[in-house]
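These are my notes on a single structure, kept in the order in which I looked things up.

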Amino acid sequence: MLKSLDTLIGLAVVMTVMSLLVTVITQMISALLGLRGRNLADALVILFHQLDPDLKKTGGTVARRLAHAVLTHPMISDSTLSMCKKRPLWWKLASAIRPTELEQVLTDLAEGTAEAVTPEARGEEVKDTARRVLNRVQTAREASAAALASLNPEAARLVSRAEENATAAFDRTRISAGRKVDQFEKLFGSVQDRAQQWFTMHARVWTIIASLLLALVTQLDLFYLFGRLSSDPALRAGLISRVEGTEQTATNFLQAVDPASGIVSANVVPALKAQHPGIGAQLDNMPSLPSLQAVERWIRWHLAEDPQVDAIIADYRTEAQRQTAENVRAWQQRLEAFGRDVGDAGLPILPSPYPNVFKGEWTWLHLLGMLSGAALLSLGAPFWFNALKGLASLRPLLAQQIDKEADRTSKASA
């Protein structure tokens, strides 16, 4: 029984290290392809179509050019390449934007003050589209202001009524005014959520691709690995001795690359305070939350009265993404060194000699084993980290139970 558990623990150690490398590869691909900026551009296209349904008649071409013009504006783009004309467009796209910034850039584009910023911003068609979208936003603002203003005289009249009747009348007035409330903020928040969901989906696809590539390059044959762990006690002992180090490494890495973690928040909050001094100490006790959306909801709840709450949330998102990108780059070499250390236990990352596909050393069973290894890798680093912790916590209990059984057997035989 203990041998089987040790085999599973050894497997979890190897898969945890490999899955951390997959996470690094996925993050690098995400940055190289500008996935966040591309998904945000797609979300802005949807927003423009919602604000001006006539844009759908153009097949989305003009709306996409306008979205690219917005996200490559130097005031918005968080890329150092925003002014470089010879770099791929997706490297210049901003990964986050505030509602106020969107309105300002649309104003610049509509007035022609941003014409020379990027080729996507040029042309009367884009300017006209920016004017139309901006006009829809401003019209909604005026409707919202009128609806809110209509509540003031109604509220004064309600003061003299009985409490129950006043409440009912006020609710009717509020519902009537709510029908005119500006939808721009709601639409903007909705498309930001869609952009994050699309990014998560695309990142998941690239995680599967990276898992497959890493399994093929490293010859991660699940069948061979399991058989080797089952038959080699020295290999099992070497990997088990590295369980604690693997757990600590995985913990630090996963916290460093999670925008919602307490470690990232601890670095982001001081930057937010510098940009928004009015925050004070309201965000100092931000906990570790399961997602970036949960963090943004937490901020909105605690800063509900702050008129700059949308700007603060957008700045948090941008700064958290920048911090996690830096953390990934910082951890890349450390994970490679740690992988070599695990390989010193008797299972190197790259086999030597390397199997030659042209000499028939890649059999169908070997290929199936690598595909199985890739499938398990695609489960992700958090899965294997939790699996390793669970299996490692069982080992002392099982060893203690085996020792008790051995003592009872020896006493009975005596």
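Entry 1: I looked up the burial of Phe 253 and Trp 331 and found both residues buried. The model is a predicted one, and I read each value below as computed from it. I then asked how many aromatic pairs a search of the whole structure finds. The search returned two.

Phe 253 belongs to helix α10 and Trp 331 to helix α13 (residues 309-343), so the pair ties together parts that are 78 residues apart in sequence.

The rings of Phe 383 and Trp 384 have centres 5.2 Å apart. Their planes stand at 85°, so I noted this pair as edge-to-face too; the cut-off for that class is over 60 degrees. I next checked the accessibility of each partner. Phe 383 has 42% relative accessibility and therefore counts as partly exposed. Trp 384, at a relative accessible area of 8%, is buried.

**Entry 2: packing of α1 with α10.** I returned to the helix that carries Phe 253. Helix α10 (residues 243-256) packs with helix α1 (residues 2-33) at an angle of about 25°, and the axes are 11 Å apart. I therefore describe α1 and α10 as roughly parallel to each other, since angles under 35 degrees fall in that class. The crossing in which α1 passes α10 is left-handed.

Which residues make the contact? From α1 I listed Ile 9, Val 13, Thr 16, Val 17, Leu 20, Thr 23 and Val 24. From α10 I listed Val 243, Thr 246, Ala 250, Phe 253 and Leu 254. Sorted by class, the contact of α1 with α10 comprises nine nonpolar, three polar and no charged residues.

**Entry 3: Gln 196.** I located Gln 196 in helix α7 (residues 184-218). Is this residue buried or exposed? Gln 196 counts as buried, because its relative accessibility is 11%. Leaving aside residues up to four places away in sequence, Gln 196 touches Arg 36, Leu 292, Gln 293 and Arg 317.

**Entry 4: Ser 378.** I found Ser 378 in the loop between α14 (364-377) and α15 (381-413). Its relative accessible area is 10%, so Ser 378 is buried. With residues up to four places away in sequence again not counted, Ser 378 touches Arg 204, Thr 207, Ile 208 and Ser 211.

Conventions: Residues numbered from 1 in each chain as written. Predicted model: local features only at pLDDT ≥ 70, side-chain atom pairs only at ≥ 80, totals over all residues. Heavy atoms only, no water. Axes fitted to C-alpha atoms, helices over the stretch in contact; angles between N-to-C directions. Helix = DSSP H or I, 4+ residues; strand = E, 2+ residues; numbered from the N terminus. Parallel < 35°, antiparallel > 145°, perpendicular 65-115°, else oblique. Left-handed = near helix turned anticlockwise from the far one by under 90°. Contact = heavy atoms within 4.5 Å. Nonpolar A, V, L, I, M, F, W, Y, C, P; charged D, E, K, R; others polar. Phe/Tyr/Trp six-rings, centres within 6.5 Å; stacked < 30°, edge-to-face > 60°. Buried < 20%, exposed > 50% of the residue type's maximum accessible area, 1.4 Å probe, protein only.
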